Amino acid sequence: MSNHRVVCWDCGADVADPYVNVCPECGGLLTVKMDLEELKGKRPADLRSRPIGVWRYYPFMPVDPEHKVSIQEGGTPLYRTDALAKELGMKEAYVKFEGLNPTGSFKDRGMTVGVSHAKELGAGTVGCASTGNTSASLAAYAAKAGMKCAVFLPSGKVAMGKLAQALFFGAKVLSVDGNFDDALALARKMADERKLYLLNSINPYRPEGQKSVLFEIMDQLDYCIPDRIILPVGNAANIWAVYKALTELREVGWIDRMPRLTGIQAEGSAPVASAFRSKSEDFVPEPNPETIATAIRIGNPVSGRKALRAIYSTGGFCTTVTDEEIISAQQLLGRKEGVCVEPASAASVAGLRKLRSEGIIQEDERVVCICTGNGLKDPDSIINNCAPPVRCRNSVEDAERILSS
Ligand code: F0G
């Protein structure tokens with residue numbers, strides 16, 4: 001018997017057709033309602049006999065773990081970043097480094113569940129639009145599952161490492177004229193015509209896997225609830241997934257309060273932050289999103305309204321950071337903590353720095369920044385912002401001269 005139902009997030013209707021991505025009744029967003037009754041008498045420790053990772057939390061996942069398509073996703077480190085905390089004048093800061101997932105981003109958490117579900121449905125071709133990471137992840141999981149994969153990428157705006165991954169794993173890569181929002185509109189049309197099974201985060205199974213990052217953080221902190229969790233916001237599903245995980249932990253009685261969920265957007269792509277500033281529950285799309293953090297270069301975030309709900313109902317916050325602040329935070333994390341994240345991921349740390357300097361985050365808050373992707377995905381953003389290598393003749397004298405300069 002199934003442990004979940006798909007329902008409309010807007011009108012509450014049950015949705016039976018597994019191929020639709022919006023409510024057939026009202027056009028609203030979909031979500032999964034888990035049946036968590038069995039967990040109510042249990043404790044987090046009851047799941048700890050399984051290795052840390054997405055599938056440790058199988059009772060919270062809407063797929064039978066027997067059918068899982070897995071490449072050992074999740075189980076990423078939670079670093080206590082004391083040098084970063086000191087730099088920002090705070091007592092305790094952590095970085096959850098999602099760049100150590102199999103394809104180098106948090107997307108693998110959603111994809112293991114999404115592709116497992118697609119396999120249960122018998123889908124032959126899966127597809128997605130992407131700023132890069134989703135396509136890299138889907139391509140890998142489709143390969144593992146033996147499915148065909150089509151990815152729709154905004155032409156010329158995908159970081160090199162991500163494009164290389166999608167090609168490498170054998171996906172059909174379509175370079176679409178336009179930005180991510182245009183590519184997603186095309187992928188959605190293809191899905192509506194049943195030419196592919198869509199695995200963007202509008203598919204309600206994807207965020208279910210992404211909930212696991214929160215379950216892991218709680219396990220790694222031994223259920224000491226952090227005061228705040230900071231995430232970059234692009235298409236806005238991940239912050240929603242973290243919120244949904246919190247609501248489920250509260251439902252089973254494992255937590256009694258929630259961290260303030262804090263979303264960070266790039267200044268040139270900030271519809272959710274603008275909505276937050278005007279205290280609105282809906283956002284106005286940004287027609288020409290622009291930022292060096294190409295992963296979050298999105299003007300019309302599908303889950304924008306869900307993200308705003310997550311932020312408002314946890315007493316959280318949402319703000320923007322500039323490209324300069326993003327690069328500076330990326331370098332700070334590298335130079336102080338030995339952690340290399342991509343620009344979009346550094347937005348969370350840039351946001352922490354900004355909100356700390358504005359006094360919105362207090363020095364004694366326990367803060368977790370989720371750093372969503374690996375820096376090696378986007379080598380250009382690193383090379384272009386570091387001093388170049390120094391030319392050295394093959395001699396000790398020349399090497400010494402350079403080292404002492
Ligand atoms: N960080 C990284 C590294 C991402 O790749 C993304 C989204 C986000 C943050 C934002 O997460 O969309 O759930 O708010 N990347 C998508 C992609 C859009 O296609 O790879 P979100």
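The model is predicted. The protein has 405 residues, and 59% of them count as buried. Its secondary structure comes to 14 helices and 12 strands. The radius of gyration is 21 Å, close to the 22 Å from the globule rule for 405 residues, so the protein is as compact as a globular protein of that length.

**Overall dimensions and contacts**

- Along the principal axes, the C-alpha atoms fill a box of roughly 75 × 45 × 45 Å.
- Among contacts with a separation of 6 or more, 72% come from residues 24 or more positions apart.

**Surface and charge**

- The accessible surface of the protein is about 16,900 Å².
- Carbon and sulfur atoms account for 49% of that surface.
- The protein carries 48 positive and 49 negative charges.

**Thr262**

- Thr262 sits in strand β10, which spans residues 260–266.
- Its relative accessible area is 0%, under the 20% cut-off, so Thr262 counts as buried.
- The side chain of Thr262 makes a polar contact of 2.9 Å with the side chain of Arg228.
- Arg228 is also listed among the contacts of Thr262 when neighbours within four places in sequence are left aside.
- On that basis, Thr262 also touches Ile229, Ile230, Leu231 and Ile239.
- Gly316, Phe317 and Leu355 complete the set of contacts for Thr262.

Notes: Residues are numbered from 1 along each chain as its sequence is written. This is a predicted model: local features need pLDDT of at least 70, side-chain atom pairs count only at pLDDT 80 or more; totals for chains, interfaces and linings use all residues. Side-chain values use heavy atoms; hydrogens and water are left out. Helices (H or I, at least four residues) and strands (E, at least two) are DSSP runs, numbered from the N terminus. The radius of gyration is taken over C-alpha atoms; the globule rule is 2.2 Å times the number of residues to the power 0.38. Buried means under 20% relative accessible area, exposed over 50%, partly exposed in between (1.4 Å probe, protein chains only). Contact means heavy atoms within 4.5 Å. Accessible areas come from the Shrake-Rupley method with a 1.4 Å probe; for residues, only the protein chains shown count as cover. Lys and Arg count as positive and Asp and Glu as negative; His and the chain ends are not counted. The place of a charge is taken as NZ of Lys, CZ of Arg, CG of Asp or CD of Glu. A polar contact is a pair of N or O atoms within 3.5 Å; within protein, one must be able to donate a hydrogen and the other to accept it, and residues adjacent in sequence count only if both atoms are side-chain atoms.
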